[in-house]
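Morning, everyone. I'll keep this short. Please look at the model on the screen.

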Amino acid sequence: MRIAAYARVSTEDQAADGFSLGAQLDMLKAYAESQDWIIHDEYVDDGYTGRNDKRPEYSRMMSETEKWDAIAVVKMDRIHRNSRNFMSMMEFLEKNDKKFVSSTESLDTSTALGRFVVDMIQRIAQLESEQIGERTYTGMREKAETSDGIMGFTPPFGYCIEKGELAADNEEMDIAKEIFRCYLSGMTMDEICSKLNRKGALTRRQNPWNKYNMRNILHNPVYMGYMRWDGLFIQHNAEKAVSEKEFNEVQRIMASRTRSVKYEDNRYLKIAGALNQA
(Lines give C-alpha, C1' and ligand atoms only; values in the text may rest on other atoms or scores of the structure.)
Protein backbone atom coordinates (compact mmCIF):
# COMPACT_ATOMS: atom_id res chain seq x y z
CA MET A 1 0.00 0.00 0.00
CA ARG A 2 1.26 3.47 -0.88
CA ILE A 3 0.89 6.03 1.89
CA ALA A 4 1.11 9.79 2.16
CA ALA A 5 3.10 10.51 5.33
CA TYR A 6 1.75 13.71 6.85
CA ALA A 7 3.44 15.66 9.66
CA ARG A 8 2.56 19.03 11.22
CA VAL A 9 3.65 21.29 14.03
CA SER A 10 2.28 24.65 15.08
CA THR A 11 3.74 27.36 17.29
CA GLU A 12 1.63 25.94 20.14
CA ASP A 13 3.21 22.48 20.20
CA GLN A 14 6.54 23.00 18.43
CA ALA A 15 8.54 22.38 21.60
CA ALA A 16 6.40 19.52 22.95
CA ASP A 17 8.10 16.12 23.32
CA GLY A 18 7.31 13.78 20.44
CA PHE A 19 5.80 16.47 18.24
CA SER A 20 8.87 17.60 16.29
CA LEU A 21 8.63 17.12 12.56
CA GLY A 22 11.67 14.85 12.53
CA ALA A 23 10.24 12.61 15.24
CA GLN A 24 6.90 12.33 13.45
CA LEU A 25 8.51 11.37 10.14
CA ASP A 26 10.82 8.84 11.80
CA MET A 27 7.84 7.17 13.49
CA LEU A 28 5.88 7.06 10.25
CA LYS A 29 8.81 5.55 8.36
CA ALA A 30 9.24 2.85 11.02
CA TYR A 31 5.50 2.10 11.03
CA ALA A 32 5.36 1.88 7.23
CA GLU A 33 8.32 -0.49 7.21
CA SER A 34 6.68 -2.72 9.85
CA GLN A 35 3.52 -2.93 7.69
CA ASP A 36 5.47 -3.40 4.47
CA TRP A 37 4.01 -0.19 3.08
CA ILE A 38 5.63 2.23 0.63
CA ILE A 39 5.80 5.93 1.48
CA HIS A 40 4.83 7.75 -1.70
CA ASP A 41 5.78 11.19 -0.36
CA GLU A 42 6.22 13.19 2.83
CA TYR A 43 3.93 16.18 3.34
CA VAL A 44 5.16 18.55 6.05
CA ASP A 45 3.42 21.71 7.34
CA ASP A 46 5.76 23.60 9.64
CA GLY A 47 4.16 26.27 11.83
CA TYR A 48 0.52 25.79 10.77
CA THR A 49 -2.45 25.34 13.06
CA GLY A 50 -4.60 22.24 12.81
CA ARG A 51 -7.79 24.24 13.35
CA ASN A 52 -8.31 24.85 9.65
CA ASP A 53 -7.29 23.12 6.42
CA LYS A 54 -5.62 26.10 4.71
CA ARG A 55 -2.16 24.54 4.81
CA PRO A 56 0.10 24.31 1.73
CA GLU A 57 1.34 20.72 2.13
CA TYR A 58 -2.05 19.43 3.28
CA SER A 59 -3.61 20.99 0.18
CA ARG A 60 -0.93 19.47 -2.05
CA MET A 61 -1.48 16.06 -0.51
CA MET A 62 -5.24 16.20 -1.02
CA SER A 63 -4.73 17.20 -4.65
CA GLU A 64 -2.59 14.11 -5.29
CA THR A 65 -5.00 11.38 -4.17
CA GLU A 66 -4.29 9.31 -7.27
CA LYS A 67 -0.70 8.84 -6.09
CA TRP A 68 -1.39 7.21 -2.69
CA ASP A 69 -3.79 4.75 -1.04
CA ALA A 70 -3.86 6.07 2.52
CA ILE A 71 -2.90 9.03 4.69
CA ALA A 72 -0.70 8.15 7.65
CA VAL A 73 -0.13 10.37 10.68
CA VAL A 74 1.35 9.83 14.13
CA LYS A 75 -1.78 11.16 15.88
CA MET A 76 -5.13 12.36 14.67
CA ASP A 77 -4.56 15.89 15.92
CA ARG A 78 -1.62 16.21 13.50
CA ILE A 79 -4.05 16.23 10.57
CA HIS A 80 -6.97 18.20 12.08
CA ARG A 81 -8.02 19.79 15.35
CA ASN A 82 -11.49 20.60 14.11
CA SER A 83 -13.99 17.73 14.07
CA ARG A 84 -16.00 19.16 11.17
CA ASN A 85 -12.89 19.44 8.97
CA PHE A 86 -11.78 15.97 10.01
CA MET A 87 -15.10 14.35 9.16
CA SER A 88 -15.19 16.22 5.83
CA MET A 89 -11.77 14.78 5.07
CA MET A 90 -12.97 11.29 6.03
CA GLU A 91 -15.97 11.61 3.71
CA PHE A 92 -13.64 12.70 0.91
CA LEU A 93 -11.34 9.74 1.54
CA GLU A 94 -14.23 7.27 1.62
CA LYS A 95 -15.64 8.68 -1.61
CA ASN A 96 -12.25 8.20 -3.28
CA ASP A 97 -11.68 4.76 -1.75
CA LYS A 98 -8.77 5.96 0.38
CA LYS A 99 -7.90 5.09 3.97
CA PHE A 100 -6.71 6.94 7.04
CA VAL A 101 -4.13 5.58 9.49
CA SER A 102 -3.03 6.89 12.88
CA SER A 103 0.09 4.92 13.78
CA THR A 104 -0.05 5.44 17.56
CA GLU A 105 -3.80 5.13 17.96
CA SER A 106 -4.40 1.91 15.97
CA LEU A 107 -7.57 3.23 14.35
CA ASP A 108 -9.50 1.26 11.74
CA THR A 109 -11.77 3.58 9.77
CA SER A 110 -13.30 0.78 7.74
CA THR A 111 -15.80 -0.13 10.52
CA ALA A 112 -18.71 1.78 12.06
CA LEU A 113 -17.19 1.42 15.55
CA GLY A 114 -13.84 2.64 14.26
CA ARG A 115 -15.43 5.70 12.70
CA PHE A 116 -17.32 6.39 15.94
CA VAL A 117 -14.10 6.21 17.97
CA VAL A 118 -12.34 8.47 15.47
CA ASP A 119 -15.14 11.01 15.77
CA MET A 120 -14.97 11.00 19.60
CA ILE A 121 -11.20 11.35 19.67
CA GLN A 122 -11.38 14.18 17.16
CA ARG A 123 -13.99 16.03 19.23
CA ILE A 124 -11.74 15.74 22.28
CA ALA A 125 -8.83 17.10 20.23
CA GLN A 126 -11.00 20.02 19.11
CA LEU A 127 -12.03 20.72 22.72
CA GLU A 128 -8.39 20.76 23.78
CA SER A 129 -7.49 23.07 20.91
CA GLU A 130 -10.31 25.50 21.76
CA GLN A 131 -9.32 25.48 25.44
CA ILE A 132 -5.74 26.31 24.46
CA GLY A 133 -7.07 29.20 22.38
CA GLU A 134 -9.22 30.46 25.28
CA ARG A 135 -6.31 30.29 27.74
CA THR A 136 -4.03 32.06 25.27
CA TYR A 137 -6.58 34.82 24.68
CA THR A 138 -7.21 35.27 28.42
CA GLY A 139 -3.49 35.48 29.13
CA MET A 140 -2.93 37.99 26.35
CA ARG A 141 -5.80 40.17 27.51
CA GLU A 142 -4.57 40.14 31.11
CA LYS A 143 -1.11 41.14 29.89
CA ALA A 144 -2.60 43.88 27.72
CA GLU A 145 -4.55 45.28 30.67
CA THR A 146 -1.57 45.30 33.01
CA SER A 147 1.44 46.07 30.81
CA ASP A 148 2.64 47.74 27.64
CA GLY A 149 3.80 44.56 25.93
CA ILE A 150 3.28 43.69 22.27
CA MET A 151 0.15 41.50 22.07
CA GLY A 152 0.38 39.77 18.70
CA PHE A 153 0.60 43.31 17.37
CA THR A 154 1.52 43.73 13.71
CA PRO A 155 3.47 46.99 13.47
CA PRO A 156 1.83 49.45 11.07
CA PHE A 157 3.62 51.63 8.55
CA GLY A 158 6.26 53.69 10.32
CA TYR A 159 7.01 51.09 12.99
CA CYS A 160 8.82 47.79 13.49
CA ILE A 161 9.47 45.37 16.35
CA GLU A 162 12.89 45.46 18.02
CA LYS A 163 13.68 43.14 20.94
CA GLY A 164 9.97 42.58 21.54
CA GLU A 165 9.17 46.30 21.68
CA LEU A 166 7.60 48.72 19.23
CA ALA A 167 10.17 50.97 17.58
CA ALA A 168 10.14 53.57 14.81
CA ASP A 169 11.26 52.76 11.29
CA ASN A 170 13.00 56.05 10.52
CA GLU A 171 12.37 56.14 6.79
CA GLU A 172 8.70 55.18 7.07
CA MET A 173 8.20 57.40 10.13
CA ASP A 174 9.31 60.46 8.15
CA ILE A 175 6.59 59.69 5.60
CA ALA A 176 3.97 59.14 8.33
CA LYS A 177 4.84 62.51 9.87
CA GLU A 178 4.56 64.15 6.46
CA ILE A 179 1.11 62.63 5.95
CA PHE A 180 -0.21 64.10 9.20
CA ARG A 181 1.53 67.43 8.60
CA CYS A 182 0.07 67.78 5.12
CA TYR A 183 -3.43 66.81 6.25
CA LEU A 184 -3.36 69.32 9.09
CA SER A 185 -2.25 71.98 6.62
CA GLY A 186 -5.50 71.53 4.69
CA MET A 187 -4.50 69.07 1.95
CA THR A 188 -6.95 66.32 1.04
CA MET A 189 -6.04 62.63 1.13
CA ASP A 190 -6.02 62.50 -2.67
CA GLU A 191 -3.63 65.45 -2.80
CA ILE A 192 -1.28 63.85 -0.26
CA CYS A 193 -1.36 60.56 -2.18
CA SER A 194 -0.44 62.33 -5.41
CA LYS A 195 2.40 64.15 -3.69
CA LEU A 196 3.89 60.99 -2.22
CA ASN A 197 3.46 58.98 -5.41
CA ARG A 198 5.12 61.66 -7.53
CA LYS A 199 8.28 61.52 -5.44
CA GLY A 200 8.28 57.69 -5.30
CA ALA A 201 7.42 57.31 -1.60
CA LEU A 202 5.56 53.97 -1.70
CA THR A 203 3.73 51.94 0.95
CA ARG A 204 5.46 49.14 2.85
CA ARG A 205 4.29 46.68 0.19
CA GLN A 206 5.78 48.92 -2.48
CA ASN A 207 2.38 49.99 -3.76
CA PRO A 208 1.27 53.52 -4.68
CA TRP A 209 -0.63 55.41 -2.01
CA ASN A 210 -4.42 55.69 -2.25
CA LYS A 211 -7.10 57.16 -0.01
CA TYR A 212 -7.83 53.78 1.58
CA ASN A 213 -4.34 53.07 2.95
CA MET A 214 -3.99 56.78 3.69
CA ARG A 215 -7.17 56.71 5.79
CA ASN A 216 -5.85 53.75 7.80
CA ILE A 217 -2.84 55.81 8.85
CA LEU A 218 -4.80 58.94 9.69
CA HIS A 219 -7.23 56.93 11.85
CA ASN A 220 -4.67 54.81 13.72
CA PRO A 221 -3.96 56.01 17.31
CA VAL A 222 -0.58 54.25 17.26
CA TYR A 223 0.80 57.44 15.71
CA MET A 224 -0.12 59.44 18.81
CA GLY A 225 1.24 56.80 21.20
CA TYR A 226 -1.44 54.12 21.67
CA MET A 227 -1.71 50.60 20.27
CA ARG A 228 -5.17 49.06 19.84
CA TRP A 229 -5.71 45.44 20.85
CA ASP A 230 -9.16 43.86 21.22
CA GLY A 231 -10.83 47.10 22.28
CA LEU A 232 -7.99 48.14 24.61
CA PHE A 233 -5.64 51.08 24.13
CA ILE A 234 -2.09 50.36 25.29
CA GLN A 235 0.40 53.19 25.58
CA HIS A 236 3.75 52.62 23.85
CA ASN A 237 7.11 54.33 24.24
CA ALA A 238 8.14 54.46 20.59
CA GLU A 239 8.45 57.68 18.65
CA LYS A 240 5.17 59.42 17.83
CA ALA A 241 4.27 60.83 14.45
CA VAL A 242 1.83 63.34 15.90
CA SER A 243 0.71 64.71 19.27
CA GLU A 244 -2.57 63.67 20.88
CA LYS A 245 -3.99 67.15 20.26
CA GLU A 246 -3.01 67.04 16.58
CA PHE A 247 -4.33 63.50 16.15
CA ASN A 248 -7.73 64.51 17.52
CA GLU A 249 -7.77 67.53 15.23
CA VAL A 250 -7.16 65.19 12.29
CA GLN A 251 -10.15 63.09 13.39
CA ARG A 252 -12.30 66.21 13.59
CA ILE A 253 -11.27 67.31 10.10
CA MET A 254 -11.88 63.86 8.64
CA ALA A 255 -15.32 63.69 10.22
CA SER A 256 -16.23 67.15 8.92
CA ARG A 257 -15.37 65.98 5.39
CA THR A 258 -17.39 62.76 5.69
CA ARG A 259 -21.09 63.28 6.30
CA SER A 260 -21.66 59.72 7.52
CA VAL A 261 -19.17 60.03 10.38
CA LYS A 262 -20.10 61.77 13.62
CA TYR A 263 -17.05 63.13 15.42
CA GLU A 264 -16.89 62.61 19.18
CA ASP A 265 -14.92 65.45 20.73
CA ASN A 266 -11.56 64.34 22.22
CA ARG A 267 -12.50 60.68 21.73
CA TYR A 268 -8.95 59.34 21.96
CA LEU A 269 -7.86 61.80 24.63
CA LYS A 270 -10.64 60.51 26.90
CA ILE A 271 -9.35 56.98 26.40
CA ALA A 272 -5.81 58.12 27.15
CA GLY A 273 -6.95 59.92 30.29
CA ALA A 274 -8.76 56.84 31.55
CA LEU A 275 -5.63 54.75 31.01
CA ASN A 276 -3.44 57.23 32.86
CA GLN A 277 -5.79 57.18 35.87
CA ALA A 278 -5.93 53.37 36.07
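I'll go from the overall numbers to the cores, then to one helix pair.

Keep in mind that this is a predicted model. The protein has 9 helices and 8 strands. Of its 278 residues, 42% are buried. The accessible surface comes to about 15600 Å², and carbon and sulfur atoms account for 49% of that. Now take contacts between residues at least 6 apart in sequence: 61% of them join residues at least 24 apart.

Next, the cores. The largest nonpolar core has 34 residues. Ile179, Phe180, Trp209, Met214, Leu218 and Tyr223 have the most contacts inside it. Several elements each supply at least two residues of this core, among them strand E6 (165-168), helix H6 (189-198), helix H7 (211-219) and helix H8 (244-257). The largest share, 7 residues, comes from H5.

What does tryptophan 209 touch, leaving out residues up to four places away in sequence? Its contacts include Phe157, Ile175, Ile179, Cys193, Leu196, Met214 and Ile217.

Last, the helix pair. At what angle do H5 and H8 pack? About 55°, with their axes 10 Å apart. That angle makes H5 oblique to H8. The crossing of the two is left-handed. From H5, the contact uses Phe180, Tyr183 and Leu184. From H8, the residues include Phe247, Val250, Ile253 and Met254, along with Glu246, Glu249 and Arg257.

That's it from me. Over to you.

Key
Residues are numbered from 1 along each chain as its sequence is written. This is a predicted model: local features need pLDDT of at least 70, side-chain atom pairs count only at pLDDT 80 or more; totals for chains, interfaces and linings use all residues. Side-chain values use heavy atoms; hydrogens and water are left out. A nonpolar core is a set of buried Ala, Val, Leu, Ile, Met, Phe, Trp, Tyr and Cys residues joined through side-chain atoms within 4.5 Å. Buried means under 20% relative accessible area, exposed over 50%, partly exposed in between (1.4 Å probe, protein chains only). Helices (H or I, at least four residues) and strands (E, at least two) are DSSP runs, numbered from the N terminus. Contact means heavy atoms within 4.5 Å. Accessible areas come from the Shrake-Rupley method with a 1.4 Å probe; for residues, only the protein chains shown count as cover. Axes are lines fitted to C-alpha atoms, for helices over the stretch in contact, and angles run from 0 to 180 degrees between N-to-C directions. Angles under 35 degrees count as roughly parallel, over 145 as roughly antiparallel, 65 to 115 as roughly perpendicular and the rest as oblique. A crossing is left-handed if the near helix is turned anticlockwise from the far one by less than a right angle, and right-handed if clockwise.
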